[in-house]
Amino acid sequence: MRKACEGFDEIIETLQEAPENLEIAKASILAKLRTQRVKGDRVLYNYLTTRELGLTQPREKQVFEKVESLTMEDLRAIHAKWIAGRTYHYAILGDTRDLDMDFLKTLGPVKEVSLEEIFGY
């Protein structure tokens with residue numbers, strides 16, 4: 001558990017830079033957007049969602065136009081602004097007798113919940 005939490009923290013705080021993976025991801029996003037179709041009543045719901053977000057054009061169109069020029073530097077800026085340095089909450093399921101509760105308390109306040117609180121029975 002300790003290694004998992006530390007690994008998670010490292011993944012969140014440190015952007016793993018792999019330019020070749022960025023290009024693969026961009027190609028995948030573009031391919032999905034090129035073949036995606038909005039049909040039937042989804043047209044209305046997409047329109048309403050776009051308006052609720054305060055957008056004047058469909059979100060997909062904006063993503064399509066910007067993703068082609070996305071760079072590793074853009075990702076670094078997004079990571080620094082929205083991901084790194086933020087507070088995160090862990091949800092760990094298990095028997096407290098099997099967990100390192102002292103370590104968990106070093107991460108922050110620990111709240112134990114019952115099965116009834118989680119599953120409703």
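Arginine 76 and glutamate 73 sit three residues apart in helix α5, about one turn of the helix. (Helices here are DSSP runs of H or I with at least four residues, numbered from the N terminus.) This is a predicted model, so local features need pLDDT of at least 70, side-chain atom pairs count only at pLDDT 80 or more, and totals for chains, interfaces and linings use all residues. Residues are numbered from 1 along each chain as its sequence is written, and side-chain values use heavy atoms, with hydrogens and water left out.

| Salt bridge | Closest N to O |
|---|---|
| Aspartate 95 and arginine 97 | 2.5 Å |

Glu17 joins Glu73 and Arg76 in a network of salt bridges. Glutamate 23 and lysine 26 are also three residues apart, both in helix α2.

(Buried means under 20% relative accessible area, exposed over 50%, and partly exposed in between, with a 1.4 Å probe and protein chains only.) Arginine 97 reaches 72%, so it counts as exposed.

The largest pocket holds about 820 Å³ of space. (A pocket is an open set of points on a 1 Å grid over the protein atoms alone where a 1.4 Å probe fits, with protein on both sides within 12 Å along at least five of seven lines; lining residues have an atom within 4 Å of a point. The volume is the space filled by probe spheres set on the points, which are joined across faces, edges and corners.) Its lining has 26 residues, with Tyr90, Ala91, Ile92, Val110 and Lys111 nearest the centre. Helices α1 (2–13), α6 (101–107) and α7 (115–119) each give at least two residues to that lining.

The second largest pocket has a volume of about 270 Å³. Sixteen residues line this second pocket, and Val38, Asn46, Pro58, Arg59 and Glu60 are the closest to its centre. Helix α3 gives the largest share of the lining, five residues.

Key: A salt bridge is a side-chain nitrogen of Lys or Arg within 4 Å of a carboxyl oxygen of Asp or Glu.
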